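Subject: Structure handover

Hello,

Here is the structure for you to look at. My notes follow below it.

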Amino acid sequence: MCSFLYNELYSGTVADFSGLDPIIYREHLQTEQYDSLSLNAPNFVGSFTQGDFVYFFFRETAVEFINCGKAIFSRVARVCKWDKGGPNRLKNRWTSYLKSRLNCSMPGDFPFYFDEIQSTSNLVEGRYGHANSKLIYGVFSTAPNAIAGSAICAFSLQEISDTFEGNFKEQSGLNSNWLPVNPLNVPDPRPGSCHNDSRTLPDLTLNFKKTHSLMDETVPAFFGSPILTRVSTM
């Protein structure tokens with residue numbers, strides 16, 4: 001999945017013929033290789049550019065669910081257009097890569113999730129209620145071993161951005177639950193932000209970002225629930 005900006009190609013792809021090394025790539029820059037915390041067997045479905053960032057949409061095996069079994073979650077990730085990589089050994093790595101989970105579900109005491117994103121629209125701007133919003137629409141499906149169903153959910157660019165400014169998520173130990181990071185433990189400058197020259201970022205920020213690309217909050221459906229659903233009763 002690709003986006004063009006100023007004659008540069010931003011792509012969600014694989015770096016080897018076996019398909020085992022997924023990356024988000026721009027010439028000279030890429031995500032960490034063979035790193036499940038960064039990308040875990042993703043399927044890219046869409047991308048667009050807006051403001052200072054390039055956004056990617058994909059589904060992947062959820063590392064935060066791994067202690068409970070295997071699950072596929074939908075994600076939105078972003079990188080800064082002006083990212084120049086880090087210093088020294090990180091010169092070919094994104095310093096701004098972050099990702100959040102997209103929540104397309106029927107609300108209730110026991111939400112019904114459409115976890116696997118299949119495609120996205122372009123960014124659509126309109127007036128909803130008393131305010132203008134920029135929305136991205138996605139088609140989602142249930143997992144193959146679940147009740148068959150599909151849905152269309154909308155997400156606002158503002159709420160996507162809000163999750164990237166929220167808490168980071170971490171696993172303190174191999175068998176520990178994934179929990180939000182205490183804001184007091186987040187280094188300054190804040191990891192994942194845009195900077196005039198990312199090559200001058202301190203090691204503390206870069207090392208934190210390398211192990212904390214996942215955000216804690218999920219992106220809620222803009223209308224509170226899917227716009228359209230189809231669920232099999234067979």
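What is the handedness of the link of Cys-104 and Cys-153, and what is the angle about its S-S bond? The link is right-handed, with 80° about that bond. Please keep in mind that this is a predicted model.

**Disulfides**

The structure holds 2 disulfides. Start with the pair already named. The sulfur atoms of Cys-104 and Cys-153 lie 2.1 Å apart. Cys-104 sits in the loop between strand 8 (98–103) and strand 9 (105–106), and Cys-153 is in strand 14 (residues 149–156), so the bond ties together parts 49 residues apart in sequence. Cys-104 has a relative accessibility of 1% and counts as buried. Cys-153 is at 0% and is buried too. The cut-off explains both calls: buried means under 20% relative accessible area.

Cys-80 and Cys-194 form a disulfide as well, with 2.1 Å between the sulfur atoms. This link is right-handed, at 125° about the S-S bond. The pair links distant parts of the chain, 114 residues apart. Cys-80 belongs to strand 7 (residues 72–80). Cys-194 lies in the loop between strand 16 (178–180) and helix 2 (203–211). Cys-80 is buried, at 2% relative accessibility, whereas Cys-194 is partly exposed, at 25%.

Number the bonded cysteines in sequence order and the pairing reads 1-4, 2-3.

**Aromatic rings**

A search of the whole structure finds 13 aromatic pairs. One of them is Tyr-128 with Phe-223. The ring centres are 6.0 Å apart and the planes meet at 70°, so this pair is edge-to-face. The angle clears the cut-off, since planes over 60 degrees apart count as edge-to-face. Tyr-128 is in strand 12 (residues 124–128), while Phe-223 is in the loop between strand 17 (219–220) and strand 18 (228–231), so the contact ties together parts 95 residues apart in sequence. Tyr-128 is partly exposed, with a relative accessible area of 22%. Phe-223 is also partly exposed, at 43%.

Which residues make up one aromatic cluster? They are Phe-48, Phe-53, Tyr-55 and Phe-57. Phe-53 has a charged neighbour as well: Arg-78 lies over the face of its ring, 3.8 Å from the ring centre.

**Largest pocket**

The largest pocket holds about 220 Å³ of space. By class, the lining has 8 nonpolar, 1 polar and 3 charged residues.

**One distance**

How far apart are Thr-49 and Asp-197 in sequence and in space? They are 148 residues apart in sequence and 20 Å apart in space, C-alpha to C-alpha. Thr-49 is found in strand 5 (residues 43–50). At 27% relative accessibility, Thr-49 counts as partly exposed.

Best wishes

How values were computed:
Residues numbered from 1 in each chain as written. Predicted model: local features only at pLDDT ≥ 70, side-chain atom pairs only at ≥ 80, totals over all residues. Heavy atoms only, no water. 1 Å grid on protein atoms, 1.4 Å probe; cavity = no way out; pocket = protein on both sides within 12 Å on 5 of 7 lines; lining within 4 Å. Points joined across faces, edges and corners; volume = space filled by probe spheres on them. Nonpolar A, V, L, I, M, F, W, Y, C, P; charged D, E, K, R; others polar. Phe/Tyr/Trp six-rings, centres within 6.5 Å; stacked < 30°, edge-to-face > 60°. Helix = DSSP H or I, 4+ residues; strand = E, 2+ residues; numbered from the N terminus. Buried < 20%, exposed > 50% of the residue type's maximum accessible area, 1.4 Å probe, protein only. Lys NZ or Arg CZ within 6 Å of the ring centre and 35° of its normal. Disulfide = S-S within 2.5 Å.
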